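Open the structure in your viewer and keep the selection tool at hand. The stops below are meant to be taken in order.

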Amino acid sequence: MSTVKTGEPVLLSGNEAVAYGALAAGARFYAGYPITPSSEIAEVMARELPLVGGKFIQMEDEMASLGAVIGASLTGLKSFTATSGPGFSLMQEHVGFAAMAEVPCVVIDVMRGGPSTGLPTKTSQADVMQAKYGSHGDYPSVALVPSSVLECFTLTVKAFNISEKYRVPVVLLSDEIVGHMREKVVLPSQDEVEVVDRIKPTVPPEWYQHYQDSITGVSPMANFGEGYRFHVTGLTHDVYGFPTEKPSEISALLEKFKNKEIHNSRDLTMVEEFCMEDAKICIFAYGSVARSARMAVKILRQCGVKAGMLRPMIVWPFPKIPVENMLERANLVIVPEMNVGQLRKEVERLSNAQDKIHGINVLDPTFITAEQIVDKVRDLRAKNRRTGEYIIG
Amino acid sequence: MANIKELAKQEEKLSAGHRACSGCTAPMVVRMLYMAAGDTPLVIGCATGCLEVTTTIFPNTSWKTSFIHSAFENSAATVSGVEAAYKSLKKQGRYDRDVRFVAFGGDGGTYDIGFQSLSGAMERGHNMVYVCYNNEAYMNTGVQRSSATPKFGETTTSPVGSVEPGKKQFPKDLTEIMVAHSIPYVAQASPSMWNDLITKFQKALNCGGPAFVNVLSPCRLGWAFPSEKAVSIGRDAVNTCVWPLYEVVDGQYKITYKPREKKPVDEYLKQQTRYRHLFRPGGEAALAEIQANVDSKWERLKRLAGEA
């Protein structure tokens, strides 16, 4: 549904692939605000959306951007915005509102160095925890992390599908390297793309509950203008959407949010296991850094070390079972990240032998190379030899 | 009135070697502000944007006065805080120097995202000057449209195609919105008319309350013209009345420069690649619309200044 060619090789940047992925997923509304390194997404949408009858609006800031996206989504259009750290910070109020009002929407965060204005043109992975806990209150968080240009396309489609299916805001955590790098990709045709739409109510309007209680945490959703009357508010509400202070209704609502993650955890787990069958030294890496980790695994394997990589494509909800499996078999776990160790701490929480988990944390924007990861493994093995503990790699 | 001989003797307070594009008019605006301030110490706040980025590349800075870059939307708010604390320090007898406070923002940081904090600062009445260096788009992130982008201007988010004519809306008139805040001093100026601009900065710095100066800053990257044309294009904006020079002191309008002969807008527009589609067959209606808009705003301004 866009002007990009499918089924044959094209040269695209990650940001362009995100835009085409959104179009393939059915996105027809974009409201955004320019910010490096995400602006190319807005530029493609400004060009492409009018051609398919969609709407591009440039808003006056990021708060307004996500506000408009939520409003548009309530009418039934698949809607999204793209930004980077500073804009993502400004959007947090609306992230919480979208979760509370259960309005599907997608936020693309092309991560750059922070905090504050930080390093606009340099890469980082320091927004991982913000994607989980950025807004206040307990709300369901879903975040996907692409590590290639093709994944920018496929995971954007996935982000829309999850958002529509579970009525949650979904974050795609890209980063400056993935967003700006160019790769040869073959995009699937529209028929090959799995597109999920929100569940529509089947009951007559007078029976309709916009926030109907359900075990999976998902209620059918009518759109504005379809004859169903409902109330949308950021206040804690009952099944009809009206504000409530009844403890039983409050807990039911918050339990429902929790159930979205718990009862759908299988669908919300997406990992790649690379050379993990017999791996004793495991690298847990995501996003652009996973590209270096993959290379490191290849180098280590050539040296006869049994290395492997576990790469989450969905980081929130955290992939508990694959990580537990990895921890069970690994003698050494390396978590390379372009931050102070935000996901390493999540891995440690699942482990009863935290001393075998080591981070490589680069805070300057020089990026983590495969050599750095290989050197770290080499250092740790040598160290353990001296203490008499031998790690079989 | 500024005396150019005296001004030439002043020390440059925005040092050379910054990374603004050749022909960028934003640093000219800053230098003229410093000239207007003379020896009075300044505290400068600057929103995220071209000016901030190009003058403060680590480990260097071009600013020889106190300088705060807070974020994109809050330069007016941050400077409000400094100014209010300064008043408190003075009241407590802990500080006695005479200082002036200036906030800079581009049109994105002023017309759009920074509008709320600007409006708040002006309404509260902080003794500060807000200077918008208005280059009519988000140049720092790669030329996206802003609410200051003129109608029919091409940007990356208001592209020109077989159907779309570039930006479809007229820009908001921020100068008039600031007049509506009933603050002591509001002006519209151009770095191409240096004497007028420096005089306005002097009035703004010494008006005793909040002041706003909107300065049109030709951008060779976003408007797409040869670098050496920056000053002459700015002058053409004034002489075509696309950007009239005027000030509003305590509600009284005064046109500070009247072109001897008001030129047609084409002369200004045709020099800029962002308007090239208007000079192809079929662009006549758009040009006529721009001319009519400029004419009606100019007549309105003359009426307000009691000159019609």
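Predicted model: local features only at pLDDT ≥ 70, side-chain atom pairs only at ≥ 80, totals over all residues.

Residues are numbered from 1 along each chain as its sequence is written, chains are lettered from A and ligands numbered from 1 in the order in which they are written, and side-chain values use heavy atoms, with hydrogens and water left out.

**Stop 1: the interface**

Select chain A and chain B. In contact here are 16 residues of chain A and 19 residues of chain B; contact means heavy atoms within 4.5 Å. Between them the two chains bury about 1,300 Å², with 57% of it on carbon and sulfur atoms. Buried area is the accessible area (1.4 Å probe) that two parts lose on being put together, summed over both.

Now pick Tyr33(A), Glu43(A) and Gln58(A): in chain A these lose the most area to chain B, together 37% of what that side buries. Helix H2 (39-48) and strand E3 (55-58) of chain A are the elements that give two or more residues to this side. Helices (H or I, at least four residues) and strands (E, at least two) are DSSP runs, numbered from the N terminus. H2(A) gives the largest share, four residues.

**Stop 2: helix H8 of chain A**

Select residues 247-262 of chain A, which form helix H8. Which residues of H8(A) are buried? They are Leu253(A), Lys256(A), Phe257(A), Asn259(A), Lys260(A) and Glu261(A). Buried means under 20% relative accessible area, exposed over 50%, partly exposed in between (1.4 Å probe, protein chains only).

**Stop 3: Asn223(A)**

Go to the loop between strand E8 (182-186) and H8 of chain A, where Asn223(A) is found. Asn223(A) counts as buried because its relative accessibility is 6%. Not counting residues up to four places away in sequence, Asn223(A) touches several residues, among them Ser73(A), Lys200(A) and Phe230(A).

**Stop 4: Thr55(B)**

Finish in helix H3 (residues 50-55) of chain B, the place of Thr55(B). At 2% relative accessibility, Thr55(B) counts as buried.

Note on methods:
Expected span 1.5 Å × (residues − 1).
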